[in-house]
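Hello,

Here is the structure I promised to hand over. Please open it first, then read the notes below it.

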Amino acid sequence: MTIQFKSITELRAMLDTKSISASELTQESLQLAQKYKELNCFVTMNEELGAKNANSIDLENKTTSMLSGIPLAQKDLFCTEGLRTTCSSKILSNFIPPYTATAVKKLEDAGSITIGKTNMDEFAMGSSNETSFFGNVHNPWKKGYVPGGSSGGSASAVSAGIVPAATGTDTGGSIRQPAAHCGITGLKPTYGRVSRWGMIAFASSLDQAGPLARTAEDCAILLNEMSGHDSKDTTSLNSSVPDFLENINQPLDGLKIGIIKEFNLSDLDPEVQARFEDSKKTYEKLGAHFVDVSLPNISASVPTYYSIAPAECSSNLSRFDGVRFGYRAEDTDDLNDLYIKSRSEGFGDEVKRRVLIGTYALSAGYYDAYYKKAQQVRRLIKNDFDHAFQSVDVLMTPTSPNTAFKFGSKGAQNPVELYLEDLFTISSNLAGLPAISIPHGQVNSLPVGLQLIGNFLREDQLLNASHIFQQNSDFHLAQPNLEDF
Amino acid sequence: MDQETVSTICYLARLEIDKNKSKKIIQDLETIIELIGSLQTIDTSSIDPLYSPLEMTALTHEDIENSDNKKEKFLENAALSNEDYFLVPRVVE
Amino acid sequence: MSWETVIGLETHVQLSTKTKLFSRASTAFGASPNTNVNLIDCGLPGVLPSVNKEAFYKAIRFGMAVNAQINQTSIFDRKNYFYADLPKGYQITQMDLPIVLGGSIDIQLEESVKTINITRAHLEEDAGKSIHDEYDGFSAIDLNRAGTPLLEIVSEPEISNAKEAVAYMKAMHQLVTYLDVSDGNMAQGSLRCDANVSIRKKGVKELGTRTEIKNINSFKFIEKAINFEIKRQIKILEDGEKVTQETRLYDSSKDETRPMRSKEFANDYRYFPEPDLLPVIISDQEIQKIRDEFPELPKEKEARYQRELGLSEYDSQIISSSKSMADFFDASVEKTKNYPLLSNWLIGEISAYLNKEQIEIHESKLTADKVAMLINRIDDQTISGKIGKSIFEEMCLSGCTPDEIIESQGLKQISDDGAIEEIIMTVINENPSQVEAYLGGKDKLFGFFVGQVMKLTEGKANPKAVNSILKEKLK
């Protein structure tokens, strides 16, 4: 019996009926990872500890949570005690954290088994997983095509059915866009819903952890465990966490969905546009109705983001200096030389580019024009959302303007070309809002994602709307043909 | 972006640019700066910056010790250390 | 030509919280290297700070004491720069919204009191320590101090010479220790300052180019460093050259300042609001609580000592000048009634002893109980003042109580008139010629008889009784 492509709910049933043990499940998952090694989803495997943890679940012989005995993969940006954590960077290629990130710890405390750490864009900076020190990750749907990024390894591993779900982080679309490109479901929660403790920071005011899974229902299962206040992260929300599974089946009658006027969808690939129109019809059939809303400043999202995120990252990445952990260059003359060589050899080009941009945006004489200006525009964007949510429940956009593309085909000449891939996803990070991407068909045999953006703390509405959509469609059931791998 | 600005920025960030790539990187930086410079057209007078999506106040910790010292592990992770200290090339103040 | 010095001081006060500003690691001094360090202090990837509110309370107490404006909404900023003992590559500090704004402090000069205005005081984290000389070719990094809360107090450039700078730092020391904001231990770096020094021609309005002397940590060095720097700058100006704006270090072994090499590059700190910390708000209730629990300040103590305990102005001032002395006095006052004698002892013998040993009273073997007991024994005439002094010496050495010393050494004063009379008669009988001379008008010889009595009693005879009985017998 294969466990490949099975959802958490399906695996749960198998475990509960004892048709498989947690140990067998973990072994099969690890074997699948080995079998599809060429996808390059994983940076580090967790065979020994994974097997041990699965075994103790079997010995305990009682199910305490939905995730008990379920194998998961963790993005290699979450610190895991005793297990190498690299952020897909040379500078951390030998880093063994002495502690575990809260989000991962909560999932493990719920009985899930971490089978490995997934490949990603270096320090989560990228939209195609092409900036990893450990090489490109393939899209399971087409060899030589990007899985999206930055959580590309997590998306690829779930899409290939190696694990039913994985963790990711989303700073400007890094969960949703790879989920869309790999044909799976990915949720970025409200900023502050999931603790950032132990998540290696890219841009502190934008970063948020969330689940990637085969279904919205499975996302709800993970979110139930990952969420909640953490005293170690004083920006984590102190509000109560609802049971995200409880209301997932509510009918959608009367749901008001907003379409953002400023996003001119006719500029998109007609096929991408056609899928979007189809999904609108599906939702209409399910009882929802559509309202055009205006978010006048939303088109400023990309430049706003590319001022704020690099600024925060330039500071966040200063701790990688070769002194207390991480890569240190050899043969250095003095401390400054040690800093410069360790960092220059340890970081890849995209990371350097963003650190330099951020340094520039914060430097004397430019702070007001770039950084502060962007934070002011950010408020305008948030105000636009606040206004829109007075008349609608959720907003709907494509997740990405395109499907997955060939390795090396974008951004090589002009990095901004790749930044524009994030057009639809970035604004919810700026405003701290939850957003989900669900598969809604294919264009040229590559998956396309549909994004729903919710109001502050309304992940429940997003999961409900996504689950009902998946109950009435089968896009999420499509499986890639993995013959080439 | 003139060469001097690029050198200053590189020094502040403690990064050096590969000579072969420097032209391209500077060009990329200029493109990105042009992108973020487009914000100048937006009127933000009297708009307060939004530094965090959470407009709340900080939670604080009590002044009670809760040490989580892992000295050996900390020093182990360093590229160079002895039994007590992290070591770096000697600094002359 | 006549020159004028302008000095502004940036004082770094280590706040006496139990834990660090952004982590719950201990701030205790003297721990073995890198043990008061947790994940946050080590600046590991993925860690986040959380604010220690006690540091805010202490900062606010300081602000209230100098009559400053308290910003109840406080924002932290990141100050970005690379240094080996700065784990994150940035320091968390307060740039735009410091907790304390304005205020002033009075400094005591020889003849007068001068008011120095305070620009601002903000909270920030301290860096770790680099040890440069112990390991061949390497600097060793100890992060124990990293994250310790500091209050950086910036004065207006209103200080005119080294003596005033010392007086300012002494006033600061007195205030922060009184407020229990800091232990004020300068040797351990709890109170240190950077001095911005510039020179201008008398009568000129614009400030001269300044240099910043970093990290001065004793009153003596403040005076020496500033005086050296003033002379150096005046010489440069008199030679017709220009002072270079730079950061300098005071080298006490050579008694000179020299430019700091590690700061040679002009820095651009790229301050921006710390995104890992939301604004900290101090409520009106919290402010009221701090006000209600406000400690008694030196001036208030001085007045109380005069009003309630009848001490002289001079004594009151000396005792209240140091927090540890005043605390000791307050504790002793509970145990004895003879306040003037107690204050005499504190200002006299006890201060002399502490000065000689270069220690604070709480570091000695003296306790309020023991000193009060000593005063009581003198007061009730168990011992004479003179014997009291030798008992005091013994107390300082052994830490025994006065009663233990009196008992073990048999030092109890002889106040029994009969016993004293007997000894006096012996002295009179043994010195007939002196008695004759005295009775013949040589009054000065009275002291001789007293001395003889004291000699025979090893100083234990009650001097008052000796006096009156002698006078009687020598009539």
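A charge counts as sitting over a ring if NZ of Lys or CZ of Arg is within 6 Å of the ring centre and within 35 degrees of the ring normal. K280(A) lies over the face of F290(A), and the distance to the ring centre is 5.5 Å. In chain C, K170(C) lies over the face of F219(C), at 5.4 Å from the ring centre. Keep in mind that this is a predicted model.

Next, the ring pairs. A pair of aromatic rings is described by the distance of the centres and the angle of the planes. Over all chains, the structure holds 32 aromatic pairs. One of them is F95(A) with F325(A), a tilted pair. Their centres are 5.7 Å apart, with 50° between the planes. This pair links distant parts of the chain, 230 residues apart. F95(A) is in the loop between strand 2 (71-75) and helix 4 (102-109) of chain A. F325(A) is in the loop between helix 9 (301-316) and helix 10 (335-346) of chain A. Both F95(A) and F325(A) are buried.

Now chain C. The ring centres of Y438(C) and F449(C) are 6.0 Å apart and the planes stand at 80°, so this pair is edge-to-face. Y438(C) lies in helix 13 (residues 432-439) and F449(C) in helix 14 (residues 446-456), so the pair ties together parts 11 residues apart in sequence. Y438(C) and F449(C) are both buried.

Last, back to chain A. F95(A) and F325(A) belong to one aromatic cluster, together with F123(A), F320(A) and F347(A).

Best wishes

Terms used:
Residues are numbered from 1 along each chain as its sequence is written. Chains are lettered from A and ligands numbered from 1 in the order in which they are written. This is a predicted model: local features need pLDDT of at least 70, side-chain atom pairs count only at pLDDT 80 or more; totals for chains, interfaces and linings use all residues. Side-chain values use heavy atoms; hydrogens and water are left out. Rings of Phe, Tyr and Trp (its six-membered ring) pair if their centres lie within 6.5 Å; planes under 30 degrees apart count as stacked, over 60 as edge-to-face and the rest as tilted. Helices (H or I, at least four residues) and strands (E, at least two) are DSSP runs, numbered from the N terminus. Buried means under 20% relative accessible area, exposed over 50%, partly exposed in between (1.4 Å probe, protein chains only).
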